[in-house]
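Hello,

Here is the structure I promised to pass on to you. Have a look at it first, and then read on for what turned up in it.

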Amino acid sequence: MRRINGVRVLSRIVSGEANTATVTADRRLLHPSAVHRSDIRCFSQGKNPFGLYCPSFARNVAGNGRCFSVASSSSVHDVVNDLPRLSFAPKDVVLYQYEACPFCNKVKAFLDYYNVPYKVVEVNPIFKKEIKWSEYKKVPILMVDGVQMVDSTDIIDKLYKRIHPENSTSDSEEERKWLGWVDNHLVHVLSPNIYRNYKEALESFNYITTHGNFSFTQRIIAKYGGATAMYFVSKKLKEKHNITDERKALYGAAETWVEALKDRQFLGGPNPNLADLAVFGVLRPIRHLQSGIDMVENTRVGEWYSRMEDAVGESARIVS
């Protein structure tokens, strides 16, 4: 009975904000000589000082600006072509997560886009021993210079306000609408798709157990037991969220998002906003699973997704 309960806990990895753990983070210093991204962020005096990356910047600002970010204590000024930027630069950032959790991936997309270096603590979803230090029993948990932040939406909102202290509100009415759509609709479409049949459920758990914090024995049990359990759980999730055809629901969600763009590069216009980052983060774990491959092949979301990959760039994760 314990084994079955442990396996069922894995459902939280992809269906909601699940449980997590702790560790101490190292500080990463970003220097111009160390920057190698093809889409390095550039800076402007405009409404969104972080969003512009080099190709866009080159089209809008005369001259060849050098793009860089310097991390120090709490905030510093970066100067590119004599344009100042106030940059949020914490010393220690640690994300406690499940690799495949959509809510954790929302936070990672935000950190990657804003190039905030972070360490990851992968939580064992069966035993959850890493979480004993915290009263909050879900993931993601983000520790920023020793301060705990919880709930993906709240984490992103707080970080955004620290990065953009001049903005009392981070989102427009349109942005708020689509941020809510991600949490209340899009995430609920994923589980019935990645566990649609036993083959896809096994594929999903192969990814989960390969990237998660499991011993060899736990990996085997979780892969096969979890795939079987979640195949049946996904049927109940379909009923709960009134889904009759999994792929139709996924394709419909993707097309709904594309329609929301209204021929813009991003919902945020020339640069991604928080809703863009949330949708991208939620979809990123499934992109190379069969469900994600089918989604890109059968909808128009692929072009936007590729633009987001370029905009977000490489991971800011610190690998020890």
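Lys238 and Glu246 form a salt bridge, with 3.2 Å between the closest N and O atoms. Both Lys238 and Glu246 are buried. Please keep in mind as you read that this is a predicted model.

The side chains of Glu259 and Arg300 meet at 2.6 Å, N to O. Glu259 lies in helix 9, while Arg300 sits in the loop between helix 11 (290–298) and helix 12 (301–312), so the pair ties together parts 41 residues apart in sequence. With a relative accessible area of 46%, Arg300 is partly exposed.

Arg196, Glu200, Arg247 and Asp294 are linked in a network of them.

Now to the aromatic rings. A pair of aromatic rings is described by the distance of the centres and the angle of the planes. The count for this structure comes to 10 aromatic pairs. One of them joins Trp178 and Trp257, which are edge-to-face, with 5.8 Å from centre to centre and 75 degrees between the planes. Trp178 is in helix 6 (residues 173–194) and Trp257 is in helix 9, so this pair ties together parts that are 79 residues apart in sequence. Both Trp178 and Trp257 are buried.

Trp257 pairs with Trp304 as well, again edge-to-face, at 5.5 Å centre to centre and 75 degrees between the planes. This pair links distant parts of the chain, since Trp257 is in helix 9 and Trp304 in helix 12, 47 residues apart. Trp257 and Trp304 are both buried. Which residues do the ring pairs link into a cluster? The cluster consists of Trp178, Trp181, Trp257 and Trp304.

The charged end of Arg287 sits over the ring of Tyr305, 5.9 Å from the ring centre.

One more residue for you to find is Glu99. Where is Glu99 found? Glu99 is in the loop between strand 3 (93–97) and helix 4 (102–113). Glu99 has 14% relative accessibility; buried means under 20%, so Glu99 counts as buried. Its side chain makes a polar contact with the side chain of Lys108, at 3.4 Å. Leaving aside neighbours within four places in sequence, the residues in contact with Glu99 are Asn105, Lys108, Glu122, Tyr207, His211 and Arg317.

Conventions
Residues numbered from 1 in each chain as written. Predicted model: local features only at pLDDT ≥ 70, side-chain atom pairs only at ≥ 80, totals over all residues. Heavy atoms only, no water. Salt bridge = Lys/Arg side-chain N within 4 Å of Asp/Glu carboxyl O. Buried < 20%, exposed > 50% of the residue type's maximum accessible area, 1.4 Å probe, protein only. Helix = DSSP H or I, 4+ residues; strand = E, 2+ residues; numbered from the N terminus. Polar contact = N/O pair within 3.5 Å; in protein donor to acceptor, adjacent residues only side chain to side chain. Contact = heavy atoms within 4.5 Å. Phe/Tyr/Trp six-rings, centres within 6.5 Å; stacked < 30°, edge-to-face > 60°. Lys NZ or Arg CZ within 6 Å of the ring centre and 35° of its normal.
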